[in-house]
Amino acid sequence: MVMVRKASRNVGKYTLTHKSQPYKRTSRPTRTIMTRSQCITSTSFFHRLPPEVFDMILDKLSGLLFKRCTLLLPTKERLKFISGMFSQIPCFMLEQCLAADCIGFSSYGVFLQTLIAGWDELECHRVFNFLCDLTNLLQKIEAVTTAKPGVRWHQELQIRLFCRQVLLDPWPKQPECQFWLIQLLKPWPIVSQAHLLFILYGPLQPDGTLGWQDLVERGLPHSALWDLARAILLLFGKLEVKGWTTGSVLAILEELIVIPHPWHVENVARLLVLCGRSLCFTVLANKALNGRRLEISRLIVYIILVCEKDGYHMSWAVKLVQQIYKVFSTGPERFCFIQQLENIFSEITKEIFEFSIAMNQLEDGETFRTLCILLDSSARFHTKFLHMFLK
């Protein structure tokens, strides 16, 4: 049997005939065949549904199903279809949904991850540009990164939620997540990159807003800084993006720790410890080579304090100091480094003691406890340090 086109006003209508009996018309009913593009552009039942109901239906279907249905379409057409569909759903758009517990962005992220899995870098760049155009993402990022931290707190949180849940968190593998994070950071100057990194991964206060001032005013627990450390490690990992170097990461980190003002030194030390000895050494060695011995001595004392507070083995700090010691090439430079480190240890102990007395230790037990921990950490550090040299 063959298909013979029937002349008719209805395009796409076909009639079946038997090849052996061309003169005999069959009585079988006709059927209409529509192309994929006709199906996409035609008005369907779903277009008449409220966006919220359509979102509920999508939530019950496979993202994978959409990928298979549009497999033959070019990337541009796929993205155009997504734009037409998602722009009708407030939960998928920035600053459109007011529900506190909305899962729109996370659902969007899972959908996007499934859709573009296996796509090459050029196509992923197109996806990023498409998302920026669809949501005005770059304009919104520029508005918050050029404003004073915390002033546009609602926009800060919206950008954090959208970027984390749609682009960053759905990717469990480091290369993909690194790609998206660098795409978000690359368009901006270093100061804005650091600002945006804090918006994306900085600690949150109990009310859900970003804790800009917390890092300046007091030492925070390691749980508050872990996300930032993870992001820095992601950027510091295997750098495969053109124009992105270790120097880029160090420059961002230098700006990060002074936003909105210079951080409490304990927070800087804790962030470096969470980043691991390799990155910690790179940061301190870079400062040493630039003649910033006083700064690294102060940081090392607080790193020793953090190791004692957070339960790290003191040999971690001892080996770090040994590595920094070897950065200096001459005997006098090395002696000066050790001497300055010991002097700073003494100075910081006096500072904390005097602050504790001024505040009254009964009213400010945390400062007095820090003093006790610092004295314990000093004893442990010097025991390990001397043992290393006397072996």
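Colleague: How many residues of the lining of the largest cavity are nonpolar, polar and charged?
Modeller: They divide into 7 nonpolar, 1 polar and 2 charged. This is a predicted model, in which local features need pLDDT of at least 70 and side-chain atom pairs 80 or more, while totals for chains, interfaces and linings use all residues. Residues are numbered from 1 along each chain, and side-chain values use heavy atoms, without hydrogens and water.

Colleague: What volume does the largest cavity have?
Modeller: About 90 Å³ of space lies in the largest cavity, one of 2 cavities of 30 Å³ or more. A cavity is a set of points on a 1 Å grid where a 1.4 Å probe fits but cannot get out, and its lining residues have an atom within 4 Å of a point. The volume is the space filled by probe spheres set on the points.

Colleague: What makes the lining of the second largest cavity nonpolar?
Modeller: Leu 197, Ile 232, Leu 235, Val 249, Ile 252, Leu 253 and Leu 256 line this cavity. By class they are 7 nonpolar, with no polar and no charged residues. H13 gives the most to this lining, with 4 residues.

Colleague: Why is 20 Å the expected span of helix H17?
Modeller: H17 (residues 314–327) has 14 residues, and the expected span is therefore 1.5 Å times one less than that number. H17 reaches 21 Å from its first C-alpha to its last, close to the expected 20 Å. A helix is a DSSP run (H or I) of at least four residues, so H17 qualifies.

Notes:
Helix = DSSP H or I, 4+ residues; strand = E, 2+ residues; numbered from the N terminus. 1 Å grid on protein atoms, 1.4 Å probe; cavity = no way out; pocket = protein on both sides within 12 Å on 5 of 7 lines; lining within 4 Å. Nonpolar A, V, L, I, M, F, W, Y, C, P; charged D, E, K, R; others polar.
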